Amino acid sequence: MQPETVNISIDDSILVQQCQRGDSEAMERLIRKYQNRIYNIILKMCANHDDAAELTQETFVKIIEKIDGFQGRSSFYTWAFRIAVNLTLNYCQRNVKLRLSSLDAQQDEHDGQARQQLKEFLSDDSSPDPATVAQNKELCELAVKSLMKLDENQKAVVVLRDIEGMSYAQIAEVLDIELGTVRSRLSRARNSLREILESFLS
Amino acid sequence: MKEESDINELLNSFLDGELSERQKTEVHRLVAHDMEIAKRLKKLQKCSMLVASMPYEQAPLDMAEQVKTALERKALLAEQPFAIDERRGARHLMFRKVFAAAAMFILVAVLAAVIYIVVTPEPTRPAIGFAGRLELKTNDLLAVDKIINNVIKSNGLEDSANLEHQRDKNIYTLSCSRENLSTFLADLENSWDSFNSATLFVETHTHQGPMLVVVNGVDAKQIANLITPPKPKLTAEEKTSIELPAQAQDEKKVRLTIVIEANQADN
């Protein structure tokens, strides 16, 4: 995990320098390199494909507009994700009422099969295979709905950690918070997530 | 409660590989000795796994193109308000120029009107150059009447004269040019001794309003001077420039009403 991050950073610094010189090809390479990762964390936070695409596009537009001012004090990776997360958090705060009512309407749609699968998943003492879980559509849908019920800031730390696989230090940099805050926020977020999932069973 | 949250944080950090070796050993010890903590760790692990196992989605394939288009659109929009502002500015500037010109024009017009009112004299009656009433008293009304008639005829003013006979008085009204009236008065001058008295009444207009000027013991020459006041000496250039108004002045008709009245003694 650690060596991969270092490699990305080295490549990024070269691409960033080329971008700052107005190299449109370097800009395109940066976009292609990060588009799926940024799109994914945005999608998991806003749960809407169209909005995620638009926010991803907006993120890259902002990155390119601001790249001249990027001085490399933080890594390009965390800087870019900070832009993406901030845009998404603003979007989520604007649309919170609409999203919550939409989720409430969907809550009753959980059929018995999904509940049963969730019950088995949570009560199983053995360690389930992540690949098998990923193939379980019902469980994944429940995961999305649970995530959407989290507070925006809690959701951001969970997504950055569990989807993007960021270290606590990177999350602290992206969200511009203390390391201890990341630790406590993530702890509360996962606890809330567990409670939400268990509430689906009741 | 604080201890509970500390353990939760410790378990989460353990799951995320964010603990030191000493802390990891501590977690292993806790899990091994406390089934509740072991179950909690399991649940946290599953929550984390569930989130992590959510499908990894691909961004739209044309994302780079979309970004490029968005940047171009934004650049165009950034230019457009400037252009709009520029046009608005030009319109505003033009409006200000027109407004300033109109204000200046109105100001000049008002000033001109004020100056005109201050400088120009009070208007006089332009329809007629001179209008007066000459009252002549005589002991011999018939003789004087004959003299007047003769002078009118000798000057060819029959068409310009109007005669009205009243008891003890004859009233002649002459409406003619200044020149004709002057000639008439010059001819009458020789017979002026026939009048016992001659009084001229002239209505004029002053700043205070209409005023009646009475000249007692007036003679023919004085009346002629009143009718044709002496012209100021003008330069050649001035003469040219005021030639037409001067002619117009001469062409204005004058009116003199002559009242010949018999003296009381005559009655």
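**Questions on a two-chain predicted model**

Guide: Chain A has eleven helices and zero strands. The model is a predicted one.

Visitor: What pattern does chain A follow when read along the sequence?

Guide: The pattern is α-α-α-α-α-α-α-α-α-α-α. Of the 202 residues in chain A, 35% count as buried. Among its contacts between residues at least 6 apart in sequence, 67% join residues at least 24 apart.

Visitor: How do you know that chain B touches chain A, and how many residues take part?

Guide: Contact requires C-beta atoms within 7 Å. By that test, 31 residues of chain B are in contact with 40 residues of chain A. On the chain B side, helix H1 (2–15), helix H3 (35–52) and helix H4 (63–119) each supply at least two residues. H3(B) gives the most, with nine residues.

Visitor: What makes up the side of chain B that touches chain A, by class?

Guide: That side has 16 nonpolar, eight polar and seven charged residues.

Visitor: What else does A:Val158 touch?

Guide: Leaving aside residues up to four places away in sequence, A:Val158 touches A:Leu147, A:Leu150, A:Leu186, A:Ala189, A:Arg190, A:Leu193 and B:Val51.

Visitor: What makes a set of residues a nonpolar core, and which members of the largest one touch the most others?

Guide: The members must be buried residues of the listed nonpolar kinds, joined through C-beta atoms within 7 Å. The largest such core has 64 residues, of which A:Ile42, A:Ala80, A:Val158 and A:Ile171 touch the most other members. Helix H2 (residues 24–46) of chain A supplies the largest share, eleven residues. Another core, of 24 residues, lies apart from it and includes B:Ile152, B:Leu174, B:Leu185 and B:Leu188.

Visitor: Why are E2 and E5 of chain B said to stand at the edges of the sheet?

Guide: The sheet is open and has six strands in the order E2-E3-E6-E1-E4-E5 (chain B), with mixed pairing. Strand E2 (161–166) and strand E5 (209–216) each have a single partner strand, so one side of each lacks a neighbour in the sheet. Neighbouring strands are turned by 15° against each other on average, direction ignored.

Visitor: Which helices pack on this sheet?

Guide: Helix H5 (residues 141–154) of chain B packs on the sheet and touches E1, E2, E3 and E6 of chain B, with its direction at about 160° to that of E6(B). Helix H6 (residues 178–189) of chain B also packs on the sheet, touching E3 and E6 of chain B, and its direction makes about 135° with that of E3(B).

Visitor: How do you know that E6(B) pairs with E1(B), and in what sense?

Guide: Pairing needs at least two bridges. Strand E1 (residues 130–138) of chain B and E6(B) have nine bridges, in the parallel sense. B:Lys137 stands opposite B:Glu261 in E6(B). Strand E3 (residues 169–177) of chain B and E6(B) are also joined by nine bridges, and these two run antiparallel. Here B:Tyr172 has B:Ile258 as its bridge partner in E6(B).

Visitor: Which residues form the covered face of strand E6 of chain B?

Guide: B:Val254, B:Leu256, B:Ile258, B:Ile260 and B:Ala262 form the covered face, while B:Lys253, B:Arg255, B:Thr257, B:Val259 and B:Glu261 form the uncovered one.

Visitor: Why are H6(B) and H7(B) called roughly antiparallel?

Guide: The axes of H6(B) and helix H7 (residues 220–227) of chain B come within 9 Å and cross at roughly 170°. Angles over 145 degrees count as roughly antiparallel, and the two helices are therefore described that way. The residues of their contact divide into eight nonpolar, one polar and three charged.

Notes. Residues numbered from 1 in each chain as written. Chains lettered and ligands numbered in written order. Predicted model: local features only at pLDDT ≥ 70, side-chain atom pairs only at ≥ 80, totals over all residues. Contact = placed C-beta atoms within 7 Å. Helix = DSSP H or I, 4+ residues; strand = E, 2+ residues; numbered from the N terminus. Nonpolar A, V, L, I, M, F, W, Y, C, P; charged D, E, K, R; others polar. Buried ≥ 20, exposed ≤ 12 C-beta atoms within 10 Å, placed from the backbone. Axes fitted to C-alpha atoms, helices over the stretch in contact; angles between N-to-C directions. Parallel < 35°, antiparallel > 145°, perpendicular 65-115°, else oblique.
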